[in-house]
Amino acid sequence: MKVLVIGATGRTGQELVKQSLEKGYEVRAYVRRPEAVPPQKNLEVFAGNLDDIESLTTALKDVDAVLMALGNSMSNRNDKLFEWVIPNLITAMKAANVKRIVSLSALGVGNTFHNTRYPYRLGARTFLKGNFEDHLAGEIKFKDSGLDWTTVHPGPLFNGEKMANPLVRDAATGYKMPRVPRTNRADVAQVMLKALLDPSTYGKELVMASTPDKN
């Protein structure tokens, strides 16, 4: 399996690179600053910007799937990002004949707002609203793209150990997530990698949190 990680220098992206390499995958990282990615066996670094469709297409050549873990910082959380990045990525994936993508989103984006409960949903309605609207503006483009897409929607992200069995649900079931759905980045990475090989997740929005799944 050869995967391209977009957002590889972020904290979740670093987990995706690490866990992908642990699985024995060949990993490509598409980054603005290649010097920020430590050299590792089976890791190839491609330098480029997200508005450079030609460079993206080159990085995607002969890749089996894409793992995307982009996100704005809290200080610029209302800036437009996904609205323009996702259409660019769709264009590049089609040009490179790559169909599979698992993309990191957030609990409360789009239809997954119905999976939230107070007090988390208060944040989704207020200070996170602009960021979530940008996520949705991009992610909605997946629906008619012809790609085999999955979006993963965790609660607030923290650093912590990977759990054996984190809580994951199809958002379409209407399952109500914990009121405070803390989620470890290590769990996000393992859920994204598990979904990557699971055709039943195509076209699905998966909500998740780092709490034991007892089902």
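This is a predicted model: local features need pLDDT of at least 70, side-chain atom pairs count only at pLDDT 80 or more; totals for chains, interfaces and linings use all residues.

Modeller: Helix H2 (residues 53–60) packs against helix H3 (residues 82–96) at an angle of about 45°, and their axes lie 8 Å apart. Here an axis is a line fitted to C-alpha atoms, for helices over the stretch in contact, and the angle runs from 0 to 180 degrees between N-to-C directions. That makes H2 oblique to H3; under 35 degrees would be roughly parallel, over 145 roughly antiparallel, 65 to 115 roughly perpendicular, and the rest is oblique.

Residues are numbered from 1 along each chain as its sequence is written, and side-chain values use heavy atoms, with hydrogens and water left out. The helices (H or I, at least four residues) and strands (E, at least two) are DSSP runs, numbered from the N terminus.

So who touches whom? On the H2 side you'll find Ile53, Leu56, Thr57 and Leu60, and they meet Asn88, Leu89, Thr91, Ala92, Met93, Ala95 and Ala96 of H3. Contact just means heavy atoms within 4.5 Å. Sorted by class, this H2–H3 contact has eight nonpolar, three polar and no charged residues. For that sorting, Ala, Val, Leu, Ile, Met, Phe, Trp, Tyr, Cys and Pro are nonpolar, Asp, Glu, Lys and Arg are charged, and the others, Gly among them, are polar.

Now zoom in on Leu60, which sits in H2. Leu60 counts as buried because its relative accessibility is 0%; buried means under 20% relative accessible area, exposed means over 50%, and partly exposed is in between (1.4 Å probe, protein chains only). Skipping residues up to four places away in sequence, Leu60 touches Leu4, Arg28, Val66, Leu89, Ala92, Met93, Ala96 and Val98. Tyr30 is 30 residues from Leu60 along the chain, and their C-alpha atoms are 9.3 Å apart.

Next, look at Asp62, in the loop between H2 and strand E4 (65–68). Asp62 has a phi near 70°, a positive value in a residue other than glycine. Asp62 counts as exposed, because its relative accessibility is 55%. Asn42 also deserves a glance: its phi is positive, about 70°, although Asn42 is not a glycine. You'll find Asn42 in the loop between strand E2 (26–31) and strand E3 (43–47), and it is partly exposed at a relative accessible area of 42%.

His135 belongs to helix H5 and is buried, with a relative accessible area of 4%.

Last stop: Thr150, in strand E6 (residues 148–154). Thr150 has 0% relative accessibility, so it counts as buried. Its side chain makes a polar contact with the side chain of Arg100 (2.9 Å). A polar contact is a pair of N or O atoms within 3.5 Å; within protein, one must be able to donate a hydrogen and the other to accept it, and residues adjacent in sequence count only if both atoms are side-chain atoms.
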